[in-house]
Amino acid sequence: MPAPKKSLAATALLTDLLTGLWTTLRYTFKPNVTVRYPLERSVLHPNFRGILRVDDDLCIACFLCEKICPATCIVLEGEKGIGKGSKYATFFYIDHARCMFCGLCEEVCPVDSIYHSNEFEGAVFSRADLVHDLAILHKGHAIVHYER
Amino acid sequence: MNNTWLSDDVIIPLLLIGIILAVFPLLVGYIVYVERKVLAFIQSRLGPMRVGPYGLLQPIADAFKLLFKEDITPRNADALVFKAAPIILLVVGFTGLSFLPMGEGFTAFGYDIRLSIVDVNVGVLALLAIMSLSTYSLVLGGWASNSKYPLLGALRSAAQMVSYEVALAFTVLATLMIAGTLSLSGIIDAQRDMGVWYIFVQPVGFVLFIIAMVAETNRLPFDLPEAETELVAGYFTEYSGFRWSFFMLGEYAAMTVMSGLLVTLYLGGWMRPFPNVELFSFLDFIPGFIWFVLKVGFFINLFIWLRGTFPRYRYDQLMGLGWKVFIPVSIVNLLVTGLLLIVWDSVAG
């Protein structure tokens, strides 16, 4: 596409340059969008897919999450309890080093037991600490917040 | 006092030189701070915020960091020239500062103090000549680094400076014809006598001067000698620590000097707006030095504003703009100014 033709007057009066300068001047006085993260934190959307949690009272050990996980980061084992429909998970491991936070496990879970929390601060010093067992999955991992 | 030459020509200038040498590096630190802040605001960011309230101590932290950096000379570099180049730029920048009339003279402790270190009768010529020397620093520094990117930056700076200096000189010449003097304080006095700033007499020259000044100081959108996206850091790629900061100081000193020259030539230097109109005499309580600082500050801000707005020119566009637009327009401006002066003189006299 050829450049639009400009009149000689527009070229001589530098209208394009002045338009650009006016744009940047307006932006100079607009409120900034920076969130100074450790000091302030932005409000997350409720659907934000953060670190996985499991409510093991609800879990029926149906293995659907383990099957659908594309990264195969979920490993669990279950056994039958007393009475009908009383199957429960005996152990449940999620390796957050492998997890890609796709949310498929949350979608497939028939009893809404596994879910993404709104928590995103999962940094640890050892990769082994990223594997969360049932206890951590139930109550959430220990979060160290930034302090001055 | 019997030995006034001693106080007028030696002691007071030396004191002023001392003050400038002491204050200006700190000032440059804060110009860099303002630059980072303004660029950040243009991009809806915050800029430096961590060191001190609103990041106000950031320049001091940066200066300390630079002090502790290793001073590296590349193995195959020409060591003497490599080390001399940043010093040339710094000396040129500071020498340029000494020409600017920064305020009206005043009397303190029985001495007359002029707020310009030297006031030579060929001030404009001397200032332009000295500022042109900064090209030597860039070319020598780029060549002595014995590295490819600095050499390319040096070559670009040589070609760019030469092509824009011509336009700058022609533009300034038109102003000098109106003022009838080469002295910087003389030009300010001529504007007072005329009653208007020369920006209203030379609007084309004013715009030409601004653009040539940006090209002359290697600032965006004409920063091809540095061009960090193409040439790493251009002519000072191989420099580190204090020698690197000499280049930065020199660049900001050149910005300040060119802004000061612009203010002196077109905006009445340290005079208040409308210097002859009684209506605005309530502005007299602000000393000339403050007016000078405000005007120069505005143009340093303009440098930053331009940097935040325009992308870098391509090299052939830069040369084309210089040779095909600026030089012809500045020559036409000069001719028209001369013609109008002749007509004016024959009408008035």
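Two strands count as paired here if DSSP finds at least two bridges between them. Keep that in mind as you click through this predicted model.

**Stop 1: the sheet in chain A.** Select β2, β3 and β5 of chain A: together they form an open sheet of 3 strands, in the order β2-β3-β5, with antiparallel pairing. Now color the edge strands, β2 (74-79) and β5 (131-132) of chain A, each of which pairs on one side only.

Zoom in on β2(A) and β3 (residues 88-95) of chain A, an antiparallel pair joined by 6 bridges.

**Stop 2: where the chains touch.** Show both chains. On the chain B side, 11 residues are in contact with 10 residues of chain A. Highlight α1 (4-42) and α12 (288-309) of chain B, the elements that each give two or more residues to this side. Color the chain B side by class and you'll get 7 nonpolar, 3 polar and 1 charged.

**Stop 3: a helix pair in chain B.** Select helix α4 (residues 123-132) and helix α6 (residues 148-179) of chain B. Their axes come within 12 Å and cross at roughly 170 degrees. Angles over 145 degrees count as roughly antiparallel, so that's how α4(B) lies relative to α6(B). Show side chains for B:Val124, B:Leu128 and B:Ser132 on α4(B), then B:Glu165, B:Ala169, B:Val172 and B:Leu176 on α6(B): these residues make the contact. By class, the contact has 5 nonpolar, 1 polar and 1 charged residues.

Technical notes. Residues are numbered from 1 along each chain as its sequence is written. Chains are lettered from A and ligands numbered from 1 in the order in which they are written. This is a predicted model: local features need pLDDT of at least 70, side-chain atom pairs count only at pLDDT 80 or more; totals for chains, interfaces and linings use all residues. Axes are lines fitted to C-alpha atoms, for helices over the stretch in contact, and angles run from 0 to 180 degrees between N-to-C directions. Helices (H or I, at least four residues) and strands (E, at least two) are DSSP runs, numbered from the N terminus. Angles under 35 degrees count as roughly parallel, over 145 as roughly antiparallel, 65 to 115 as roughly perpendicular and the rest as oblique. Two residues are in contact if their C-beta atoms, placed from the backbone, lie within 7 Å. Ala, Val, Leu, Ile, Met, Phe, Trp, Tyr, Cys and Pro count as nonpolar, Asp, Glu, Lys and Arg as charged, and the others, Gly among them, as polar.
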